[in-house]
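Hi,

Here is the structure I promised to pass on. Have a look, and my notes on what turned up follow below.

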Amino acid sequence: MSLPAAFKSLLARKLQRQAERKRLRGPASLHYTISEHIDDLNPAVWDALTANASWLLSRQYLKAMESALPDNMSPRYAIIRDADGNPLVAMMMQLATLRLQQTHAADVHRSAAVLTETIDKITPGQRILICGNMLTFGQHGLAFAEHADPEQAWHGVAEVLYRVRRAEKLSGSTHFMMIKDLHAPWQDSAARLTHLSYRLLETEPNMVLTLDPAWKTWEDYLASLQSKYRSNVRNGILKPLDDASCELVSLPDLSDEAERIHALYKMVQINADFRPFELDAGYFPALQQTAGSLLRASGIRQHGELLGFIVTLKDGDTAIAWHIGFDRQAADQGLPLYLRLLHAAIADALALGCKELSFGRTALEPKAALGAKPQAFSVLIRHRQPILNKMIKHILLGMEHDDAPERNPFKKSPAIEPAN
């Protein structure tokens, strides 16, 4: 008796998945150079692989950050070559030691709280190996050569993560591996790692504002808003700050007020849902010195005292509204410091000549009101213990994240009359 066609198709797909899983679990027939210091890798090869990638993968930035990373983090790097020695992938990783219970339980979904509490009880003091940069948002951990076959390249990425995890056993077990902040076009090709028990988790979206080429200054952006949104900016943000004798200023040298900037940063960071690290006061001047003209910092002063700051980085055509800090007490008394700093980032992004501004995750409502639209983000995550890996799969399936609200603050474009 012949098997039903539907059953045959199901069986064929299962056998195909098993074959793919077996293949990925075997060696990739690639060559790897792995190091703790970027200077130990071939600079010409690294530069060639990252030439069209993020500035956050540049040797200049990575070298500077080796001495500025938080105490609980350390970098790892890898170059992947094919069997003929041709470079395929440049890879930046970070090892971090943290407790996953560093979470405001009231501010996260219960499924996430259950996951972190359970894992902490079984394996307290987590060590996580991240492919990417925990200090920022976005895919800043990988650069593929133009000729690289995605299937081969991702196989190599998974093998590097496995090798680094195994090599770190003398320093303690590494519990989690994560590939962070995948977005288009990375998401589809990275999904093949689910055959290696990686779990794909969609996170809150990155909010991105497209900068109209007609906008040369922030005033141009403001003029493009509908009247009610423009009025909210003038009366709800600018006027209260003017009445309180606050002014927006440029911060050309963060080292002048490094301790105050660090204190403002901590006032925001301490309220974050999840705090995997803490930057020190020397980080911000080091970042500014390294980035040079790619970075702009703006602040809000009241009678000379700095009440808030925001750092915006030019990364190709994208500006990243990166680090922010503000005086929580002043904000609680009614000063709209956060919103004014978001607008300052728009001005700085335009001054940097960028085409879009990446605001990152969180605070989706105020960013949507600025005209930013959501960009889907996801992470791939895997735990070394099979039982926890199975738990993660089922828990993550039930996790939710906030969706960005629909907002269109801009004036309608004038209708184009049809030609006669």
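**The cavity and a helix pair**

Tyr61, Leu62, Met65, Glu66, Leu69, Pro75, Tyr77, Met92, Gln94, Asn133 and Leu135 line the largest cavity (points on a 1 Å grid over the protein atoms alone where a 1.4 Å probe fits but cannot get out; lining residues have an atom within 4 Å of a point). Before going on: this is a predicted model, with pLDDT of at least 70 needed for local features and 80 or more for side-chain atom pairs, while totals for chains, interfaces and linings use all residues. Numbering runs from 1 along each chain as its sequence is written, and side-chain values use heavy atoms, leaving out hydrogens and water.

The volume of the largest cavity is about 80 Å³ (space filled by probe spheres set on the points, which are joined across faces, edges and corners). The count is one cavity of 30 Å³ or more. Helix 3 (59–66) gives the largest share of the lining, four residues, and strand 2 (73–81) and strand 3 (87–98) each supply at least two (DSSP runs: helices H or I, at least four residues; strands E, at least two; numbered from the N terminus).

Now the helices: helix 8 (residues 227–243) and helix 12 (residues 337–351) pack at about 105°, axes 10 Å apart (lines fitted to C-alpha atoms over the stretch in contact, angles from 0 to 180 degrees between N-to-C directions). They are therefore roughly perpendicular (65 to 115 degrees). Val233, Ile237, Leu238 and Leu241 of helix 8 meet Leu337, Leu339, Arg340 and His343 of helix 12 (heavy atoms within 4.5 Å).

Methods: 1 Å grid on protein atoms, 1.4 Å probe; cavity = no way out; pocket = protein on both sides within 12 Å on 5 of 7 lines; lining within 4 Å. Parallel < 35°, antiparallel > 145°, perpendicular 65-115°, else oblique.
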